[in-house]
Amino acid sequence: MDYFPLFADLKGRPVLVVGAGGVALRKIRLLLKCGALIRIAADKLHPHIRSLHEAGRVEWAARAFSPELLDTAFLAVAATNDADLNEQVFQAAQQRRLLVNTVDDPARCNFIFPSIIDRHPIQIAISSGGQAPVLARLLREKLEALLPQGLGVMAGIAGRWRGRVKAKLVSTAQRRRFWEKLFTSAAFQRLADSRRSREAERLVRRQLAGDWPQTGEVALVGAGPGDAGLLTLKGLQRIQEADVVLYDALVSEQVLELVRRDADKICVGKRANGGSVPQEETNRLLVRYALAGKRVVRLKGGDPFVFGRGGEELEALREAGVPFEVVPGITAALGAAAYAGIPLTHRDHAHSAMFIPGQRKIDADAPDWQALAQSRQTLVVYMGTIKAAELARELIAHGRAADTPAAVVSCGTLPGQQVFSGSLSELPGLAEKAPLPALLIIGETAALHHRLGWFGEQPALSADRSGWYVQPAAGADKPAVRVA
């Protein structure tokens, strides 16, 4: 072991930083978080360091380094691009038996700055002994993804309750079991993650009184539009903690692969022209598994609150007294449009965007076709391929131009993504060709797919003299198509 890991209390202690450039700024910001008194030796200051100096947060002690500046220092940092000056600082600190760090120069360090995960008061430091700092940073990023955001809240609560737990539970073994049960409780973690400290402390009080709740909980998680890389960090954590996952047909195999191997996976999806699980049955399953003490995830494609019936499911959970949380996801309109290179708004083409479902309840009011047919507006239709003919007919009848650009994005964000583009009058034919799931996008920005599309195979385009882009002809008897 080249370095002994320790944590130093720097509150109110003077730290000399030699140099005041961008590298020094990173170290100064870190040291200020620890409450250190920063003294700087440099001929000029980085603009951000100057702002800190003017705010009274750091002291500009000298315009040049001299060894005497170390006489009152607790530790020192050499952060200049002058190797000779860094050597002077190191040697002077060594003579005074001071801790000194020379940035990016392990040979002139007797302490190093690790990569830090800060969940105050929990701190995790990762070091490669100066050999591979980039590797240490990558490891920190992986750990950040795995560790709950509420760790600091959990530790703070434990600190406040430690004395009462010790007074009530006299043996070390009892106390260890108490804290292990609490810290591994999904309910306690959920409350800590959502910063609901008072409710979390009530849970501690109940456990200490022997009244531990037996009910499980439900996390309503948005799985995004398909690409597993678009799943949120919290969404990933929840599905890897789950005992039971109830998922939609629109949840991709990529995302389902991330579910814990020993979790029960139950499909409760709905498909157009296909079999489906009634919503009432899904609600019943959520309540049943949660009341059995399970950690349940309701995994929904896209975002659970955008045409996902998430509100209906939460109402059922609330009525049954089941605790829940919601983890948003990237809705299909955002994900599929971005991967197709279709901006939903654009200063030159569309000032607004509207999301609508292609399917609606039988007793629902008719759509406001006049509002939907406005120009300079992007209309995104979920589950609309079956109604594409009606949609095109009504929009044109209510004033939308028949040659308005339109696109159907099939399997958006997935490796098999396809984009079928043309005009509003051609929308029924485009929708007929598109494999499900598919999203309809109508509006001037849909034409930008040919210029901005970046994901998957893209058509080769060339600009003609007018500045338009020319899409190659589909066949020998068909003319090339000009697109904006």
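**Exercise 1.** Which residues form a nonpolar patch on the surface, and about how much accessible area do they have together?

*Solution.* Keep in mind from the start that this is a predicted model. The patch is formed by M1, F4 and L6, which together have about 450 Å² of accessible area. F4 has a relative accessible area of 63%, and since exposed means over 50%, F4 counts as exposed.

**Exercise 2.** Find the residues that gather in a patch of negative charge on the surface, and state which helix gives the largest share.

*Solution.* Begin with the members of the patch, which are E280, E312, E315 and E319. Next, turn to the helices: the largest share, three residues, comes from helix α12 (residues 310-320), whereas E280 has its place in helix α11 (residues 279-291). Finally, consider the accessibility of E280, whose relative accessible area is 61%, so that E280 is exposed.

**Exercise 3.** Where does UniProt place the feature "binding site", and is V306 buried, partly exposed or exposed?

*Solution.* The unreviewed UniProt entry places this feature at P225, G301, G302, D303, V306, T331, A332, M383 and G412. Of these positions, take V306, which lies in the loop between β11 (295-300) and α12. The relative accessibility of V306 is 25%, and because buried means under 20% and exposed over 50%, with partly exposed in between, V306 counts as partly exposed.

Technical notes: Residues are numbered from 1 along each chain as its sequence is written. This is a predicted model: local features need pLDDT of at least 70, side-chain atom pairs count only at pLDDT 80 or more; totals for chains, interfaces and linings use all residues. Side-chain values use heavy atoms; hydrogens and water are left out. Patches are made of residues with over 30% relative accessible area and no salt bridge: like charges are joined within 9 Å, nonpolar side chains (Val, Leu, Ile, Met, Phe, Trp, Tyr) within 5 Å. Accessible areas come from the Shrake-Rupley method with a 1.4 Å probe; for residues, only the protein chains shown count as cover. A salt bridge is a side-chain nitrogen of Lys or Arg within 4 Å of a carboxyl oxygen of Asp or Glu. Lys and Arg count as positive and Asp and Glu as negative; His and the chain ends are not counted. The place of a charge is taken as NZ of Lys, CZ of Arg, CG of Asp or CD of Glu. Helices (H or I, at least four residues) and strands (E, at least two) are DSSP runs, numbered from the N terminus. Buried means under 20% relative accessible area, exposed over 50%, partly exposed in between (1.4 Å probe, protein chains only). UniProt positions are given in the numbering used here, feature names are shortened, and annotations may be inferred rather than shown by experiment.
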